[in-house]
Amino acid sequence: MKILVIGGSYFYGRVFLMVAAKEHEITVVNRGTYELDRFGIIHRKGERHDPQVWAGCTDAYDAVVDFCAYSPGDVACVLEHLAGSVTQYVLVSTVDVYRRGSGDCKREDTPLETRVFSGEAGMYIAGKVALEQEVAAQCRERGIAYTILRPAILYGPYNYAPRESEFIRIVLQHHVIPRYTDATGRFQFVYVKDAACAILKCLGNGKTYGQAYNLAQDEILDYEGFFQVLDQVADLETHRRPMTLEQAAAAGFPIPFPATAQETELVSGTRSKTELGIEYISFQEGMRKTWRAFYNVYQASGC
C-alpha cells in the first residue's frame, strides 16, 4: 500500500513507521525533527498549513495516517491542498474526547465532550473533538473513507515525555521508587507497538470505515500498581520512598497520570479486540520491554 503519514517523528508515529516501512511504501510529511532515510521512506519536510507541501504529494495514496492534527482546520487543509488522491483517512485522536463523568467504562458510542475547559489540556481535548467531527464531514463530502483511533496513555520505547521514562531515569540515578500515599486515581495504558499495529489492521479494512476504536489494555492501574510493576521489572536493588502528592511535586517527582478519583476516566478496549483482532501485551511485559530500552539509552548517555 501507499501510505502518506503526517507527523511520524515522535514516539507513536516513529514506532508506526518502523513497523509499517517493512511492508508498505511510505511518504512522510513533517517538520523534519527526525531523519527517516534509513527506513526507505520518502520524506517531505514542511508544515501542514503550507499548500506547497501538499502540491508535491501527487500519488494515489491508499491511506493518510495523521498523527499530529490538533486544531480545527488541520484535516481540512490537508484534503483541500493534497495534489494526489486518498482512499482512507486515519485520524489519531485520544480517549480524552469522551464527556467527563459519563460512565465508569466509556465505549465508542459514549457522547463526546462538548464543554471547553481552561488550560492547555482543555484546548487539546476541544481540538481533538472538533477534528473528529471535521474528518467525518470532510471525508464524507469527498467520498473518502475514514477511521478514528483513540489511544489511552501510550507508553514504551522512544517515549521521552516525562512519564514512564522519567520514572525509569529516577530509578537508575537514585535507586528510588516512590510511593504516592494519597493518590487515588486510576488509569489505563496501551503499549506503543500494539497501537501501531492497530493502525495497520485498519488500513484498507472496510469494516473500520466510518468507525472509531478505543486502544486500551484491559488492566486498570493506580500509582501503587504502576510502581509495583516498575519495581518488578527494574533489574536493580531499589527502595521505596513514601510521599504525598504535594511532597512529590515539591521534590520534582512527576505526576503524569490521573492522581485523584475525580480525574479518573476509564474506557473499554473490547471493540478493538473483537473487531480489529488486537491482542494487547500485558502491562508488566510492556514495561519490561520499556525498561530494557531505556536502560540501554540511559546507560549509553552516562545516566
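F187 is buried, and F257 is buried as well, where buried means under 20% relative accessible area, exposed means over 50%, and partly exposed covers what lies in between (1.4 Å probe, protein chains only). This is a predicted model, in which local features need pLDDT of at least 70 and side-chain atom pairs count only at pLDDT 80 or more, while totals for chains, interfaces and linings use all residues. Residues are numbered from 1 along each chain as its sequence is written, and side-chain values use heavy atoms, with hydrogens and water left out.

**Overall form**

- The protein contains 10 helices and 13 strands; helices (H or I, at least four residues) and strands (E, at least two) are DSSP runs, numbered from the N terminus.
- The radius of gyration of the protein is 20 Å, which agrees with the value near 19 Å that a compact globule of 303 residues would have; this radius is taken over C-alpha atoms, and the globule rule is 2.2 Å times the number of residues to the power 0.38.
- Along its principal axes, the C-alpha trace spans about 55 × 45 × 35 Å.
- Of the 303 residues, 53% count as buried, and the accessible surface comes to about 13,600 Å², of which 48% belongs to carbon and sulfur atoms; the areas come from the Shrake-Rupley method with a 1.4 Å probe, and for residues only the protein chains shown count as cover.
- Among contacts (heavy atoms within 4.5 Å) between residues at least 6 apart in sequence, 78% join residues at least 24 apart.

**Aromatic rings**

- Rings of Phe, Tyr and Trp (its six-membered ring) pair if their centres lie within 6.5 Å, and planes under 30 degrees apart count as stacked, over 60 as edge-to-face and the rest as tilted; by this rule there are 25 aromatic pairs.
- The pair of Y155 and F189 is edge-to-face, because the ring centres lie 5.5 Å apart and the planes stand at 75 degrees.
- This pair links distant parts of the chain, since Y155 belongs to strand β7 (residues 153-155) and F189 to strand β10 (residues 189-191), 34 residues apart.
- Y155 is buried, with a relative accessible area of 0%, and F189 is buried too, with a relative accessible area of 1%.
- The rings of F187 and F257 have centres 5.0 Å apart and planes at 40 degrees, so this pair is tilted.
- F187 lies in strand β9 (residues 186-187), whereas F257 lies in the loop between α8 (245-250) and α9 (270-276), so the pair ties together parts that are 70 residues apart in sequence.
- Y155, F187, F189 and F257 are among the members of one aromatic cluster, which also includes F167, Y180 and Y191.
- The charged end of R271 sits over the ring of Y213, 4.8 Å from its centre; the rule here is that NZ of Lys or CZ of Arg is within 6 Å of the ring centre and within 35 degrees of the ring normal.

**Helix α5**

- Helix α5 (residues 164-174) is largely enclosed by the rest of the structure, because eight of its 11 residues are buried.
- The buried residues of α5 are E164, S165, E166, F167, I168, I170, V171 and L172, and F167 is also a member of the aromatic cluster.
- After α5 comes H175, whose phi is positive, near 55 degrees.

**Salt bridges**

- A salt bridge is a side-chain nitrogen of Lys or Arg within 4 Å of a carboxyl oxygen of Asp or Glu, and by this rule the count comes to 16 salt bridges.
- D59 and K2 form a salt bridge in which the closest N and O atoms are 3.6 Å apart.
- D59 lies in the loop between α2 (51-55) and β4 (60-66) and K2 in strand β1 (residues 2-6), so that the pair links distant parts of the chain, 57 residues apart.
- E113 forms a salt bridge with R99, with the closest N and O atoms 3.3 Å apart; E113 counts as buried at 3% relative accessibility, whereas R99 is partly exposed, with a relative accessible area of 31%.
- The side chains of R240 and E224 meet in a salt bridge (3.2 Å, N to O), which links strand β13 (residues 239-243), where R240 lies, with helix α7 (residues 223-233), where E224 lies.
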